[in-house]
Amino acid sequence: MTSTRNPGRVAGLWYLLLSVFAPLRLIYIPSKLFVDGNAAATASNIAAHESLFRFGIVGDLVCAVILIFLVLAFYRLFKAADQNLAVLVVIFGGVMPAVIYFVNAVSDAGALMVVRGAGYLSVIDKPQRDAIAMLLLDLHDHQNTAAEILWGVWLLPLAVLVYRSRFLMRCLGVWLAINGFAYVMMSFTGELLPQYRDKVTSLSTPARFGEVALMLWLVIKGSKPQPLHAVASSSVAD
């Protein structure tokens, strides 16, 4: 079955591409360059590995674009099931997170400018520049914590669509809903009780494999939306 006749596989491939780029700035670069609580060491690492840090910025920009194509693929797949819910998926899962990715890219670009200390920034002492760079990196993390509520909320209408679709397993919809609530809890915990954030993140790990399950299903098996008349008939049957 070709991709043009199988929009589910198209969505799965965009999802897979997102899973390749998203961990670059979210996980890999912090583990390699950032030293918790040490602004000077973090700034030195960024200066010494500027190309890697720039790849992280590009990764965020690429993720923003991929997200738009991903949610449009989901819209095409599910609009026959419920167009209003499909629109919510586009807004909460694509447009708004994409904006945050662009904002994060600007924060990182600012941190890099401060670390390099070229031109007019040379009037600021290096310890102060290091502290400002660390502040911008921390701001990036706080923006991600806030964005987790979007990572969760968009999965809720998607879960309903998957559950109602009749061309995907209903258990995937249930798992996605649990996945969505897990992200919302992580966001609220990070903002209200940050000392428990790591614990909540660890406990929610099994729930957060819901997206992985959906991605693998779509990549491997794909799916085609039912014709409008078939959706209407199944709705009446319910």
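Glu148 sits in helix H5 (residues 126-153); helices here are DSSP runs of H or I with at least four residues, strands are E runs of at least two, and both are numbered from the N terminus. The model is predicted: local features need pLDDT of at least 70, side-chain atom pairs count only at pLDDT 80 or more, and totals for chains, interfaces and linings use all residues. Residues are numbered from 1 along each chain as its sequence is written, and side-chain values use heavy atoms, with hydrogens and water left out.

- Glu148 counts as buried, at 4% relative accessibility. Buried means under 20% relative accessible area, exposed means over 50%, and partly exposed lies in between (1.4 Å probe, protein chains only).
- Glu148 is in contact with Tyr183, Val184, Met186, Ser187 and Arg197, leaving aside neighbours within four places in sequence. Contact means heavy atoms within 4.5 Å.

**Whole chain**
- The chain has 10 helices and 0 strands.
- Its pattern along the sequence is α-α-α-α-α-α-α-α-α-α.
- The C-alpha trace spans about 70 × 35 × 25 Å along its principal axes.
- Of the 238 residues in the chain, 42% are buried.
- Among contacts with a separation of 6 or more, 76% join residues 24 or more positions apart.

**H1 against H9**
- Two packed helices are described by the angle between their axes and the distance between the axes.
- H1 and helix H9 (residues 210-220) pack at about 130°, and their axes are 7 Å apart. Axes are lines fitted to C-alpha atoms, for helices over the stretch in contact, and angles run from 0 to 180 degrees between N-to-C directions.
- H1 and H9 are therefore oblique to each other. Angles under 35 degrees count as roughly parallel, over 145 as roughly antiparallel, 65 to 115 as roughly perpendicular, and the rest as oblique.
- On the H1 side, the residues that meet H9 are Gly8, Arg9, Ala11, Gly12, Leu13, Tyr15, Leu16 and Ser19. H9 contributes Glu211, Leu214, Met215, Leu218, Val219 and Ile220.
- By class, this contact of H1 with H9 has 9 nonpolar, 3 polar and 2 charged residues. Ala, Val, Leu, Ile, Met, Phe, Trp, Tyr, Cys and Pro count as nonpolar, Asp, Glu, Lys and Arg as charged, and the others, Gly among them, as polar.

**Ile29 in H1**
- Ile29 lies in helix H1 (residues 7-33).
- Ile29 is buried, with a relative accessible area of 0%.
- Not counting residues up to four places away in sequence, Ile29 touches Leu24, Phe34, Leu52, Phe53 and Gly56.
- Ile29 and Gly56 are 27 residues apart along the chain, with their C-alpha atoms separated by 6.9 Å.

**Buried face of H2**
- Thr42, Ala43 and Ile46 are buried in helix H2 (residues 39-48).
- Seen down the axis of H2, these buried residues fall within an arc of 95°, so they line one face of the helix. The arc is that of the directions from the helix axis to the C-beta atoms.
- The cover over the buried residues of H2 includes H1, H3, H4 and H5.

- In helix H6 (residues 155-165), the buried residues are Leu155, Pro157, Leu158, Ala159, Leu161, Val162 and Ser165.
- They pack against H1, helix H3 (50-78), helix H4 (83-116), H5, helix H7 (170-192) and H9.
- Arg166 follows H6 and is found in the loop between H6 and H7.
- Phi of Arg166 is near 75°, a positive value in a residue other than glycine.
- Arg166 is partly exposed, with a relative accessible area of 36%.
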